[in-house]
Amino acid sequence: MLVLHILSFGFVLGVTAIADKDAFAWLRGKKTTLEKKTLLTYHALIWLGLLALIWLGLLALIVSGAYLFYPMRLFLLTNLWFDVKLLFVGILVVNAILIGRLMNLALTKPFAALTGHEKLSLMVSGAVSVFSWFAAATIAIWMF
Ligand code: HEM
C-alpha cells in the first residue's frame with residue numbers, strides 16, 4: 001500500500017506539472033484563454049462521468065493513506081507532525097474546490113484582463129497549493 005501511496009503522489013505531481021505549464025502560458029499572455037476540455041480533465045471534480053485527474057490522484061493518496069494509517073492509528077494520532085500533515089491534506093482538498101471555481105476565469109478572459117482581486121485570488125490559491133503539497137510531502141518523508 002505504501003507503494004500505491006507513493007505512486008499516487010508521483011501521479012499527482014506529474015499531472016500538476018503539466019497543468020501548471022498551461023496555466024503559466026496563460027499567465028504570461030502566451031495563450032489568450034485555456035481550452036475547456038483540457039482544464040476540466042485536470043481540475044473538474046467530475047468530467048465525463050469520471051473523476052478528473054488531480055482529484056483521482058488526491059483521492060488515491062487519501063484512500064491508500066487511510067489503509068496505512070489504520071493499523072498505526074493509536075501511535076499516529078498522538079503524533080503532532082502527523083496531525084499537521086493531515087491539516088495540510090485538508091487545506092489541499094478545500095483549495096482544490098476553490099481552484100475548480102477559479103479556473104473558469106482562464107476559459108473566458110486573458111490573464112491581463114482580470115481585476116486585481118481575481119489576479120490575487122489565483123496567486124494566493126496557487127501559492128497555498130504549492131506550499132501545502134511541499135509541506136505534506138516533507139513531513140511524510142521526514143517522519144518515517
Ligand atoms: C497530500 C497528501 C499526501 C502526501 C503528499 C503524502 C505523502 C507521503 C509519503 C511521500 C510517504 C512516504 C514516506 C516514507 O516512506 O519515507 C507517506 C507515508 C504515509 N502516509 Fe501519506 N501522504 C499524503 C496523504 C496521506 C493521508 C491523507 C494519510 C492518512 C489518512 C496518510 C498516511 C500516511 C502513513 C500512515 C504513512 C506511513 C506509512 C509507513 O511508513 O508505513 N498520507 N505519505
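Me: Leaving aside its neighbours within four places in sequence, with which residues is alanine 106 in contact?

Reply: Two residues are in contact if their C-beta atoms, placed from the backbone, lie within 7 Å. By that criterion, and with neighbours up to four places away in sequence set aside, alanine 106 contacts Trp26, Thr33, Leu34 and Leu39. Residue numbers start from 1 along each chain as its sequence is written. The model is predicted: local features need pLDDT of at least 70 and side-chain atom pairs count only at pLDDT 80 or more, while totals for chains, interfaces and linings use all residues.

Me: How is the confidence of the protein to be read, and where is it lowest and highest?

Reply: The predictor's confidence in each residue is its pLDDT, on a scale from 0 to 100. The protein has an average of 91, and 95% of its residues score at least 70. Strand 1 (residues 46-47) has the lowest mean, 63, whereas helix 7 reaches the highest, 94. Where pLDDT is low, the predicted coordinates should not be read in detail.

Me: Which residues of helix 2 are buried, and on which side of helix 2 do they lie?

Reply: A residue is buried with 20 or more other C-beta atoms within 10 Å of its own, exposed with 12 or fewer, and partly exposed in between, all C-beta atoms being placed from the backbone. In helix 2 (residues 36-43), the buried residues are Leu39, Tyr42 and His43. They lie on the same side of helix 2 because they cover an arc of only 75 degrees around the axis, the arc being that of the directions from the helix axis to the C-beta atoms. An α-helix has 3.6 residues a turn, so residues three or four places apart point the same way. The buried residues of helix 2 pack against helix 1, helix 3, helix 5 and helix 6 (104-108). Across the protein, 17% of the 144 residues count as buried.

Me: Which residues have the most contacts inside the largest nonpolar core?

Reply: A nonpolar core joins buried Ala, Val, Leu, Ile, Met, Phe, Trp, Tyr and Cys residues through C-beta atoms within 7 Å. The largest one holds 16 residues, and Tyr42, Ala52, Ile54 and Ala106 have the most contacts inside it. Helix 1, helix 2, helix 3 and helix 6 each give two or more residues to this core; helix 1 supplies the largest share, 5 residues.

Me: Is methionine 1 buried or exposed?

Reply: Methionine 1 counts as exposed because it has 11 C-beta neighbours inside 10 Å. Methionine 1 belongs to the segment before helix 1. Beyond residues up to four places away in sequence, methionine 1 touches Ser64, Tyr67 and Leu68. Its C-alpha atom is 8.1 Å from that of glycine 65, which is 64 residues away along the chain.

Key: Helices (H or I, at least four residues) and strands (E, at least two) are DSSP runs, numbered from the N terminus.
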